[in-house]
Amino acid sequence: MEYCRLYMDYTMVEEKSSTLVSDFAMKNFRIKDGFSGELQINIPREIVINKLRKKQFLGNLFITHIGFFPKAKFHFRERPFGCADNILIYCAEGKGHYQTEQAEHTLLPGQFFMLPPGQFHMYQADLKNPWSIYWIHFSGDMLKTFNHLIKADDFVAPTKVKNEIKIIEQWSDIYSALSAGFEQSNLTYANLSLYKLLATFVCPIEFIKPLADEDPISRSIAYMKANIHLPLTVQELAARQNLSGSHFMIRFKSKTGTSPIDYLIRLKIQFACQLLKQTDLRVNEVAEKTGYQDVFYFSRIFKKYTGVPPTKFRHTAPRRS
């Protein structure tokens, strides 16, 4: 009878309400965990204190809790004074709702949010389409510095991820290491892997393939590498892709984050470093092979990008046999 009453109460609320406030008002339907098929590891306090917080480097950032809740119907958490950790929640399917001191949000598939410590929040799965979420709590001596570095406040709102498959693979890798036990090697592996997982969320980058068939910018980069010995210009590169110089520069910077000339110079300096390390070519010969006829100008550019002149770089850099 009690179950029937609760189910009827839930049905009535579900029909009458779809707002965040009324969802959170459903006190009879709040489940912290215990979902069918869930995965969850809570790092014991003594492990956190003795094997993580007190360990050099590992104490900077470390995992305290990690889990996966599939189709977490009635999932609900409220923390009036926040949490001591950063909380990161990624929604794989379904949806959920959450509230902070500043705003209310809805989290959709392929999105995540991250909550900094010490701030009020509450969140729960959607009534009709409950979320499946991967989540992780992490803390450490450098947590405040980390949050400042990545501008953590930007990720309180729902943020779209770029590589869902990679995120789930990396999360699973960490979970597998911790589920195997709390030996120092397992903890070290999992917590070093945490950095890679966080980077995938908060600073995703797109790697440019050396050759791309239909992308004019990737084709230009491939041409730069194949003709590193030539003094190429923006107009020449743009013309090869049937683009105006200005349009080419806009598209190039949008894709790479830098200008075509700066990108080209970095490729040339990288190639020059290889020649200086791996060959006995004189500096003027290295300059010619990287497209610089004036060896003095080459030396100035080289020092600008590496911090040292070519001769000093050769003497201090390890040589390869």
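User: How many cavities of 30 Å³ or more are there?

Analyst: On a 1 Å grid over the protein atoms alone, a cavity is a set of points where a 1.4 Å probe fits but cannot get out. Grid points are joined across faces, edges and corners, and a volume is the space filled by probe spheres set on the points. By this rule the structure has 2 cavities of 30 Å³ or more. This is a predicted model, in which local features need pLDDT of at least 70 and side-chain atom pairs count only at pLDDT 80 or more, while totals for chains, interfaces and linings use all residues. Residues are numbered from 1 along each chain as its sequence is written, and side-chain values use heavy atoms, with hydrogens and water left out.

User: Which residues line the largest cavity?

Analyst: Lining residues have an atom within 4 Å of a point. For the largest cavity, with a volume of about 50 Å³, they are Thr100, Gln102, Leu115, Pro116, Gln119, Phe120, His121 and Val156. For the classes, Ala, Val, Leu, Ile, Met, Phe, Trp, Tyr, Cys and Pro count as nonpolar, Asp, Glu, Lys and Arg as charged, and the others, Gly among them, as polar. This lining has 4 nonpolar, 4 polar and no charged residues.

User: What lines the second largest cavity?

Analyst: The second largest cavity holds about 40 Å³ of space, and its lining consists of Leu88, Tyr90, Tyr134, Trp135, Ile136, Ile167, Trp171, Leu197 and Phe201. By class, this lining has 9 nonpolar, no polar and no charged residues. Helices (H or I, at least four residues) and strands (E, at least two) are DSSP runs, numbered from the N terminus. The largest share of this lining, 3 residues, comes from strand S9.

User: In what order do the strands of the open sheet lie?

Analyst: Two strands pair if DSSP finds at least two bridges between them. Here 4 strands form an open sheet in the order S3-S8-S5-S6, with antiparallel pairing. At its edges are S3 (76-79) and S6 (104-107), each pairing on one side only. Within the sheet, 5 bridges join S5 (residues 96-100) to S8 (residues 121-125), and glutamine 99 stands opposite methionine 122 in S8.

User: Is strand S2 mostly covered or mostly open?

Analyst: A residue is buried at under 20% relative accessible area, exposed at over 50% and partly exposed in between (1.4 Å probe, protein chains only). S2 (residues 62-69) is mostly covered, with 7 of its 8 residues buried. S2 is joined to S1 (residues 39-42) by 4 antiparallel bridges, and to S9 by 7, also antiparallel. The bridge partner of phenylalanine 62 is serine 139 in S9.

Conventions. On a 1 Å grid over the protein atoms alone, a cavity is a set of points where a 1.4 Å probe fits but cannot get out, and a pocket is an open set with protein on both sides within 12 Å along at least five of seven lines; lining residues have an atom within 4 Å of a point.
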